[in-house]
Amino acid sequence: MRILFCGVGAVGSTAAVLCRNLEATLVFIDFDRVESRNLLAQAFVKPSVGRNKAEALKLQLLNLYGVKSEAVGVRLTRDNVEALCQGADLLVDCFDNQASRLVLSAFARAAGKPLVHGALAADGTFGLVRWEERFVPDAEDSPGQATCEGGEHLPLIGQLAATLARAVQDFVKHGARRDALVGLAAVTPTTA
Amino acid sequence: MTTLNITYNGLSSDVPLEVDGAVSDADVRRIAVEMLGLPREDTFQHYVVDRFRGPRGEERIYLRPKVPFGA
């Protein structure tokens, strides 16, 4: 099985690390580079600063856990989404913007690929895990509004990433597609 | 019995909601403002109202911040 993590920032990198036990090829797609300020909220370590995030995560999985994975250090666009995602058995959307989510969503629907979304509110108080068939991206109040920089939201990021990783594992092992709401008080499954 | 979950200002809670018939999104936002005793009626203007059925068929409504981003 080939699992593509699209976006490996806070949610994507943490969820991917929690999927290292799977008998699957993990593939990371991200054009961004690791910055020092990312270290408090994302699963990167100091020697990775300056590297492409997808490449850095691949190296960390290999060096820290002995797990082989693949990295694609480019921005996912309408022009390359088919080439990059055609071979995937599961797509995991951890992007930090609605435009990229919509590109991935359109491809998954057209190609019939399973896609699960993980998303966290900018204020770090709420998260969602939702499969494509039930996912509607919330409207942006203003394009490019602030995301969860810094480490103050790390516990909820971890909770959301763990819930997303569990959703991936349940799909891989049982074919289940479970949604969840991740709040400050609880993780609540929202489908059977 | 309907349960309303409100996430606001670093806290999240379930509160019971006694309603007759359907409750609109605007009603949910107004009820939350009244429950929390907030001075601004538009406090939840940009919040999303999610509706689900629990395992025993009970209605659960979530008034939550938007999640346009993955952080």
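Analyst: Across the interface of chain B and chain A, the rule finds four residue pairs in polar contact, both residues at pLDDT 80 or more. A polar contact is a pair of N or O atoms within 3.5 Å; within protein, one must be able to donate a hydrogen and the other to accept it, and residues adjacent in sequence count only if both atoms are side-chain atoms. The model is predicted: local features need pLDDT of at least 70, side-chain atom pairs count only at pLDDT 80 or more, and totals for chains, interfaces and linings use all residues. Side-chain values use heavy atoms, without hydrogens and water, residues are numbered from 1 along each chain as its sequence is written, and chains are lettered from A and ligands numbered from 1 in the order written.

The rule also finds two salt bridges across this interface (a side-chain nitrogen of Lys or Arg within 4 Å of a carboxyl oxygen of Asp or Glu). One of them joins the side chains of Asp50(B) and Arg130(A), at 3.4 Å, N to O.

On the side of chain B that touches chain A, β1 (2–8), β2 (11–17), β3 (48–53) and β4 (59–64) of chain B each supply at least two residues. Strands here are DSSP runs (E, at least two residues), numbered from the N terminus. The largest share, three residues, comes from β3(B).

Overall, the contact (heavy atoms within 4.5 Å) takes 18 residues from chain B and 32 from chain A. About 2100 Å² is buried between the two chains, and carbon and sulfur atoms give 63% of that. Buried area is the accessible area (1.4 Å probe) that two parts lose on being put together, summed over both.

How values were computed
Helix = DSSP H or I, 4+ residues; strand = E, 2+ residues; numbered from the N terminus.
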